[in-house]
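The entries below follow the order in which I looked things up.

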Amino acid sequence: MKKISILLFVATLFLFSANTVFAHTHLDSSNPEDGTTVTESIDTIELNFDTVIEQNATLQVESSEGDTFEVTDISITDGELVATLDEDLANGSYTVTWDIIGVDGHAMQDSITFEVDAESSEEEEIEESTTAEENESMTENNQSESDDSTTADETNEETATDSSSNTMIIAILLVAIIAIIAIVLIRKKK
Ligand SMILES: [Cu+2]
């Protein structure tokens, strides 16, 4: 009887450590905020998550025209991610997509969109049209890239659904194990 209760105790500990928190990691706030328009040009994007995240997070910035922007630095402190771009974002609409590993070990992918509408100087407009021309030849590449990310999105949603049903099963198992341990301990006392 003693051996069984020790075994159950170890199993419980294992389940707890594997699922410390029964919740996915989501975005709390960001700068720029989702759906907003910023009136000055920016070269950093800040994401605040509701739990700590792992250091291996990645982030992509894409304009509505399909141009992608190089992220030169990602710094992560607990649940705060700050991404620095190699250039200021010109006026336009942007989508920021991230892949993170949350505190529960689940991979989470999500995105925000925002607009930049800064007082544009002539220089910026010239820069913008040059970039647009340069990127015309890349449009094909970007097309296949965005196809890929759609597939990734779908896979991710499936994973999230699967893991939440797994979480339910684990929670039920946990309750059952705790109940068994309680019964064993009560019997021991008698
Ligand atoms: Cu999760």
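**Burial and overall layout**

I began with burial: of the 190 residues in the protein chain, 9% are buried. The model is a predicted one, and I kept that in mind throughout.

I then listed the secondary structure and found 3 helices and 9 strands in the protein chain. Read from the N terminus, the elements follow the order α-β-β-β-β-β-β-β-β-β-α-α.

I also looked up the contacts between residues at least 6 apart in sequence; 72% of them join residues at least 24 apart.

**Confidence**

I checked the pLDDT next. The protein chain averages 77, and 54% of the residues score at least 70. Over residues 141-162 the pLDDT is below 50, and this stretch has 8 contacts in the model beyond near neighbours in sequence.

**The open sheet**

I traced an open sheet of 4 strands, which are ordered S1-S3-S7-S6 and paired in the antiparallel sense. Which strands stand at the edges? They are S1 (27-31) and S6 (71-77); each has a single partner strand, so one side of each is left without a neighbour in the sheet. From one strand to the next, the twist averages 15 degrees.

S1 and S3 (residues 44-49) are antiparallel and share 4 bridges. Ser 29 has Asn 48 in S3 as its bridge partner.

I followed the chain into the loop between S1 and S2 (37-38), where Pro 32 is placed. The peptide bond joining Asn 31 and Pro 32 is cis, with omega about 5 degrees.

I then turned to the loop between S6 and S7 (80-85), which holds Asp 78. Asp 78 is not a glycine, yet its phi is positive, at about 55 degrees. Is Asp 78 buried or exposed? I counted it as exposed, because it has 11 C-beta neighbours inside 10 Å, and the cut-off for exposed is 12 or fewer.

**The pairings of S4**

I found two partners to record for S4 (residues 58-63). With S8 (residues 92-101), S4 pairs in the antiparallel sense over 6 bridges; here the bridge partner of Leu 59 is Trp 98. With S5 (residues 68-69), S4 pairs in the antiparallel sense over 2 bridges, and Val 61 stands opposite Phe 69 in S5.

What does Tyr 94 touch, not counting residues up to four places away in sequence? I listed Val 61, Glu 62 and Ser 63, together with Leu 89, Thr 113, Phe 114 and Val 116.

Conventions:
Residues are numbered from 1 along each chain as its sequence is written. This is a predicted model: local features need pLDDT of at least 70, side-chain atom pairs count only at pLDDT 80 or more; totals for chains, interfaces and linings use all residues. Two strands pair if DSSP finds at least two bridges between them. Axes are lines fitted to C-alpha atoms, for helices over the stretch in contact, and angles run from 0 to 180 degrees between N-to-C directions. A residue is buried if 20 or more other C-beta atoms lie within 10 Å of its own, exposed if 12 or fewer, and partly exposed in between; C-beta atoms are placed from the backbone. pLDDT is the predictor's confidence in each residue, from 0 to 100. Two residues are in contact if their C-beta atoms, placed from the backbone, lie within 7 Å.
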